[in-house]
Amino acid sequence: MTTPTEPRRAAGLLHIDWTACEGRGLCVELLPEALDRDEWGYPVARRGGPGERTDVPLVWEELDGAADAIALCPRLALGLKRLP
Ligand code: SF4
């Protein structure tokens, strides 16, 4: 059982390929609690460490939104790795 102060366990990692991304932010609109936009409009992780800006930890409730973002990304710049 988790407590409010206990970090929630990641269910997956959303990978953002910045070399393919065009930075329009559709994925940010679909995953507003997980993603933010940087100063140029590219999606970045709201959570995780400095090395996780393009590998975004997602909780279970965000997996459906991640699947939508992956399917709708016009540049095929997103991928999901589920964690055990
Ligand atoms: S939906 Fe795709 S192209 Fe658009 S900002 Fe997100 S990763 Fe980039």
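**Close-up views of a predicted model**

A search of the whole structure finds zero disulfides, a disulfide being a pair of cysteine sulfur atoms within 2.5 Å. The model is predicted, so local features need pLDDT of at least 70 and side-chain atom pairs count only at pLDDT 80 or more, whereas totals for chains, interfaces and linings use all residues. Residues are numbered from 1 along each chain as its sequence is written, and side-chain values use heavy atoms, with hydrogens and water left out.

**View 1. Cysteines Cys-21 and Cys-73**. Cys-21 has a relative accessible area of 14% and is buried. Cys-73 is also counted as buried, at 14% relative accessibility. Buried means under 20% relative accessible area, exposed means over 50%, and partly exposed lies in between (1.4 Å probe, protein chains only).

**View 2. The largest nonpolar core**. A nonpolar core is a set of buried Ala, Val, Leu, Ile, Met, Phe, Trp, Tyr and Cys residues joined through side-chain atoms within 4.5 Å. The largest one has 19 residues, of which Leu-14, Leu-31, Leu-35, Val-56, Leu-58 and Leu-78 touch the most other members. At least two residues of this core come from each of strand S1 (12-16), helix H1 (26-30), strand S4 (55-58) and H2. The most are given by H2, with three residues. Helices (H or I, at least four residues) and strands (E, at least two) are DSSP runs, numbered from the N terminus. In soluble globular proteins, nonpolar side chains tend to be buried together.

View 3. Contact means heavy atoms within 4.5 Å. Leu-31 is located in the loop between H1 and strand S2 (35-37), and is buried with a relative accessible area of 4%. Leu-31 and Ala-66 are 35 residues apart in sequence, and their C-alpha atoms are 7.0 Å apart in space.

**View 4. The two salt bridges**. A salt bridge is a side-chain nitrogen of Lys or Arg within 4 Å of a carboxyl oxygen of Asp or Glu. One joins the side chains of Asp-36 and Arg-46 (3.7 Å, N to O). This pair links distant parts of the chain, with Asp-36 in strand S2 and Arg-46 in the loop between strand S3 (43-45) and S4, 10 residues apart. Asp-36 is partly exposed at 32% relative accessibility, as is Arg-46 at 47%. Another salt bridge joins the side chains of Arg-47 and Glu-62 (2.9 Å, N to O). That pair also links distant parts of the chain: Arg-47 is in the loop between S3 and S4 and Glu-62 in the loop between S4 and H2, 15 residues apart. Arg-47 is partly exposed, with a relative accessible area of 27%, whereas Glu-62 is buried at 9%.

**View 5. Thr-54 in the loop between S3 and S4**. At 18% relative accessibility, Thr-54 is counted as buried. Residues up to four places away in sequence aside, Thr-54 touches Leu-14, His-15, Ile-16 and Trp-18.
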